[in-house]
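Dear colleague,

I am passing on the structure below, followed by notes on what was found in it. Please read the notes with the model open beside you.

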Amino acid sequence: MPFGAEDRSKPLARVMMRAPGPAMAAADPAEWHYGPGFDPRRAEAQHADLAGIVAASGAKIHWIPSQDDAMSDAVFVQDPSFVTAKGAVVLNMGKVLRRGEPDLHVAAYEALGVPVLGRLTGDATVESGDCVWIDATTLAIGRGARSNQAGIDAVRAILEPHGYSVVAYDLPYWTGPEACLHLMSLISPLAPKMALIHAPLLPYAMWADLKARGWTLLHAPEDEFLASGGLSLNVLMLKPQDVVMVDGFPKTRALMEEAGCRVQVFEGDALCIACEGGPTCLTRPVLRADPA
Ligand SMILES: NC(=O)NCCC[C@H](N)C(=O)O
């Protein structure tokens with residue numbers, strides 16, 4: 001099976017997802033840092049709506065089995081690994097409650113026939129929510145509560161022999177380590193050189209690097225970003241300038257439409273806003289490629 005999702009000029013062709021299922025139904029919101037809107041039954045329906053939009057785009061969904069395994073955050077399949085054209089990189093989670101999830105991804109890649117290039121272990125942590133391809137051979141990683149220097153060094157050691165480079169940027173403290181603040185909480189690519197950003201918290205050096213590379217950076221409306229805990233900005237690119245976001249943020253939606261994007265929405269209050277993860281976090285791209 002073909003694989004490799006780093007080239008954002010191509011449509012999403014294969015993606016892994018995992019339904020919230022019994023693990024999320026059994027989650028204690030206080031333990032998992034889920035907000036007051038958390039509702040596992042509605043979360044299940046909202047997840048199904050997102051899956052419907054992804055499938056209708058033409059992408060094939062590979063389902064990671066949803067089990068009663070106490071891994072509620074495993075629904076956020078973006079984070080435990082990422083996939084290049086040379087193979088998958090399996091990560092090590094910064095959030096202790098999520099430490100079991102990379103094994104699920106190893107099993108999924110084995111089933112799909114995607115080779116694993118390398119895996120992080122020990123104290124080295126990186127979550128893929130902190131990883132953004134700024135071109136097809138350069139991976140940006142945000143150093144913060146979830147991804148540390150040892151993890152960044154380990155990803156670099158895995159990728160560099162295959163012709164990729166890694167650049168690291170420091171993330172801010174914002175509301176502290178209990179909350180989920182990934183690099184992808186502050187930037188969502190909409191096309192190879194276009195992104196929605198929350199500039200006040202984005203590392204300045206990253207902003208400057210993207211500007212120097214000729215990126216168009218759309219500043220997400222501040223009030224909707226703050227009201228949603230940042231989820232107004234978490235936008236999944238199905239294909240360049242064809243995106244999906246959580247419903248309820250008309251100014252952010254209008255900004256992307258004015259920039260030439262087609263925007264689809266799904267209700268995400270019980271799943272995304274409550275559990276701090278949007279459509280990018282709920283999908284693990286395995287292949288971006290033109291339709292066969
Ligand atoms: N890439 C992402 O931003 N993932 C969201 C993860 C949310 C999850 N509740 C967490 O705290 O890890």
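Arg14 counts as buried because it has 22 C-beta neighbours inside 10 Å, where buried means 20 or more other C-beta atoms within 10 Å of the residue's own, exposed means 12 or fewer, and partly exposed lies in between, with C-beta atoms placed from the backbone. Arg14 has its place in strand β1; helices (H or I, at least four residues) and strands (E, at least two) are DSSP runs, numbered from the N terminus. Arg14 lies 5.3 Å from Val286, C-alpha to C-alpha, although the two are 272 residues apart in sequence. Leaving out residues up to four places away in sequence, Arg14 touches Ala59, Lys60, His62, Val286 and Leu287, a contact being a pair whose C-beta atoms, placed from the backbone, lie within 7 Å.

Before going further, please note that this is a predicted model, in which local features need pLDDT of at least 70 and side-chain atom pairs count only at pLDDT 80 or more, while totals for chains, interfaces and linings use all residues. Residues are numbered from 1 along each chain as its sequence is written.

The buried residues of helix α3 are Pro40, Ala43, Gln46, His47, Leu50 and Val54. They cover an arc of only 115° around the axis, which puts them on the same side of α3; the arc is that of the directions from the helix axis to the C-beta atoms. What covers these residues includes β1 (12-17), α1 (21-25), β2 (60-63), β14 (262-266) and α9 (269-275). On the other side of α3, Arg41, Ala48, Gly52 and Ala56 are exposed. After α3 comes Gly58, with a positive phi near 105°.

His33 is found in the loop between α2 (29-32) and α3, whereas Trp174 is in the loop between β8 (165-170) and β9 (187-191).

Apart from neighbours within four places in sequence, Leu196 is in contact with Ser188, Leu190, Leu218, Ala220, Leu233, Val235 and Met256.

Note on methods:
Contact = placed C-beta atoms within 7 Å.
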